[in-house]
Amino acid sequence: MGDVVKKNNMLEKTRGIVLNQIKYTDSGIVARLYTREFGRTSFMVKGMRRRKTGKHNILFQPLFILDLDIYYKASREMQMIKEISVSFTPHNIYSDIRKSSVAIFLGEVLTSVLKEESPNEELFDFVEKSVRYFENSTEGYANFHLAFLAGLSSYLGFEPGQKNSPEEKFFDMKNGNFVSLPPVHGHYSNPENSAILASFFASSYENVKNIPLTGGQRNEVLDDLLKYFYIHLPGLTRIKSLDILKEVFG
């Protein structure tokens, strides 16, 4: 069987960021990864739920970064892994309940928004650098997930225009710009949230640490960012981990 696999598939090397995993059989999982060379890819991983090999299951938690040797065939829904090595382990993320909640949330968001995403090295590098930054942040990371979504919008093709004057008090979600009057279509943020969003769209991860938000404000801005994503990505599914994240940072 192994010889048949090798004959009919190309052995490729790639790096992948784990998005999520789902149970497939009593001992196997399907792991979804965003890979640098092949975009979002699903892998059949056998034996991960057995007692002797189950310790390796931790490698397939959201935001782990793996180096993979895979048997790749473009026409196949699920690819096969030959070898796995860990490129980056988010130790600090998974030792902190707040950070791990963000990891699960971002993995779920990326699983949904990257459904039809083809390989995009710039997007992959953005996500990888973001994971490494988040892992190394020891304080002031309560706004990280907001900044990540704001930055992600530019790689997905709907980064909004900048706020150019104090009169532009409303963020128009449908057209992706800041305007002086509430849009008639009704998809806009109130002036307070619009000002906060303008700061996030224009700031780096380091700068967003200095944006003071209450838990309520943070959750309202998060809701508005997700509404913006839903408008521009109609296929985006409901994020199940959202309520937990809100409770952790509320």
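## Charges over rings

A charge sits over a ring if NZ of Lys or CZ of Arg is within 6 Å of the ring centre and within 35 degrees of the ring normal. In this predicted model, the charged end of Lys-99 sits over the ring of Tyr-141, at 5.0 Å from its centre. Lys-99 also lies over the face of Phe-134, where the distance to the ring centre is 5.2 Å.

Phe-134 and Tyr-141 both belong to one aromatic cluster, whose other members are Phe-126, Tyr-133, Phe-144, Phe-148, Tyr-155 and Tyr-205. Tyr-133, one of these members, has a backbone oxygen that the side chain of Ser-137 reaches at 2.9 Å. Ser-137 itself is found in the loop between helix H3 (121-136) and helix H4 (144-155), and it counts as buried because its relative accessibility is 7%, with under 20% as the limit for that term.

## Aromatic pairs

The structure holds 18 aromatic pairs. One of them joins Phe-38 and Tyr-72, whose ring centres are 4.0 Å apart and whose planes stand at 20°, so the pair is stacked. This pair links distant parts of the chain, since Phe-38 lies in the loop between strand S2 (29-35) and strand S3 (39-45), whereas Tyr-72 lies in strand S4 (residues 65-72), 34 residues apart. Phe-38 is buried, with a relative accessible area of 18%.

A second example is the pair of Phe-201 and Tyr-228, which is edge-to-face, with 6.2 Å from centre to centre and 75° between the planes. Here too the pair links distant parts of the chain, with Phe-201 in helix H5 (residues 191-201) and Tyr-228 in helix H7 (residues 215-232), 27 residues apart. Both Phe-201 and Tyr-228 are buried.

## A three-stranded sheet and helix H5

Helix H5, which carries Phe-201, lies across strands S6, S7 and S8 and runs at about 65° to S6. These strands make up an open sheet in the order S7-S6-S8, with antiparallel pairing. Strands of a sheet pair through backbone hydrogen bonds, either parallel or antiparallel.

The edge strands of this sheet are strand S7 (177-179) and strand S8 (188-189), each of which pairs on one side only. Strand S6 (residues 170-172) pairs with S8 in the antiparallel sense over two bridges, and Phe-171 stands opposite Ser-189 in S8.

Definitions and conventions: Residues numbered from 1 in each chain as written. Predicted model: local features only at pLDDT ≥ 70, side-chain atom pairs only at ≥ 80, totals over all residues. Heavy atoms only, no water. Phe/Tyr/Trp six-rings, centres within 6.5 Å; stacked < 30°, edge-to-face > 60°. Helix = DSSP H or I, 4+ residues; strand = E, 2+ residues; numbered from the N terminus. Buried < 20%, exposed > 50% of the residue type's maximum accessible area, 1.4 Å probe, protein only. Polar contact = N/O pair within 3.5 Å; in protein donor to acceptor, adjacent residues only side chain to side chain. Pairing = 2+ DSSP bridges. Contact = heavy atoms within 4.5 Å. Axes fitted to C-alpha atoms, helices over the stretch in contact; angles between N-to-C directions.
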